[in-house]
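Here is a short walk through one protein structure. Keep the sequence and the 3D view side by side as you read.

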Amino acid sequence: MTTLLRIDASIRVDGSVSRALADSAEATWKAEHPDGVVVRRDLGRHPLPGDAWPAVIGAELGFGPDPDATRADLAAARALAAELSQEIRTADAVLLAVPLYNYGISQHVKTWLDLLMTDRELLAGEVLRDKPVIFTLARGGGYSPGTPKHGWDHATPYLERIFGEVFNMSVRKAVAELTLAPVTPGMETLIDASKVSEEEAHLEAEKHAAVVAREITGAAA
């Protein structure tokens, strides 16, 4: 039995493009693994506590508040970090749905990653080596080469660096751009382009999920 860890980060539910792309990937995964398990963690709807990482790392490095005064909080923070690490360790593949917020990742995703990186074994780069991760990314504007905001997407390079170069995972991505065109005054001329980008991203998400699912079971891609 296979396990897919799905992480959602959008603060939106209805109308979230990153979630919709992840739905497409998950549906394809389920078609290939009908008996598989999908473990879900919704960082957008249920954010992790922002003080958990300072508690864990502060105790590890020997600074911060009096440990006796915060012993219960520290135990809870360490338990949470261990839970997150176990989730990604035991998953056969990871599906990460992330929107671009203010040109970067949301604080919810950063907190999750910070807590994962309290696990020194994950940081060593061997535990997750070659494990597949699929990013389904939504960008409200245009950030491709040739656009005025090219280079302003600081989320995708960061995610690629952490998952691809720190954790040494096998990264695939499906990206939809101009997702705010249908609802943003002044972007009306980009609506058609946004629809094309989203349609192509759904196809990419499905393709990546199919390839990863077959690779895991050893079937021919």
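Predicted model: local features only at pLDDT ≥ 70, side-chain atom pairs only at ≥ 80, totals over all residues.

Begin with the record. An unreviewed UniProt entry gives the annotation "binding site" to Ser10, Ser16, Val17 and Ser18. The lining of the largest pocket includes Ser10, Ser16, Val17 and Ser18.

Now find serine 10. Serine 10 sits in a loop. Strand S1, residues 3-8, comes on one side of that loop, and helix H1, residues 17-32, on the other. Is serine 10 buried or exposed? Its relative accessibility is 3%. Buried means under 20%, so serine 10 counts as buried.

What does serine 10 touch, leaving aside neighbours within four places in sequence? Its contacts are Ser16, Ser18, Arg19, Asp42, Gly44, Arg45, Ala97, Pro99 and Tyr101. Ser16 and Ser18 on that list also carry the "binding site" annotation in the UniProt record.

Move on to serine 16. Serine 16 belongs to the loop between S1 and H1. Serine 16 has 6% relative accessibility, so it too counts as buried. Its side chain makes a polar contact with the side chain of serine 10, at 3.3 Å.

Last, turn to isoleucine 191. Isoleucine 191 lies in helix H7, which covers residues 191-217. Not counting residues up to four places away in sequence, isoleucine 191 touches Ala181 and Pro182. Alanine 77 gives a sense of scale. Isoleucine 191 and alanine 77 are 114 residues apart in sequence. In space they are 44 Å apart, C-alpha to C-alpha.

Technical notes:
Residues numbered from 1 in each chain as written. Heavy atoms only, no water. UniProt positions renumbered as here; feature names shortened; annotations may be inferred. 1 Å grid on protein atoms, 1.4 Å probe; cavity = no way out; pocket = protein on both sides within 12 Å on 5 of 7 lines; lining within 4 Å. Helix = DSSP H or I, 4+ residues; strand = E, 2+ residues; numbered from the N terminus. Buried < 20%, exposed > 50% of the residue type's maximum accessible area, 1.4 Å probe, protein only. Contact = heavy atoms within 4.5 Å. Polar contact = N/O pair within 3.5 Å; in protein donor to acceptor, adjacent residues only side chain to side chain.
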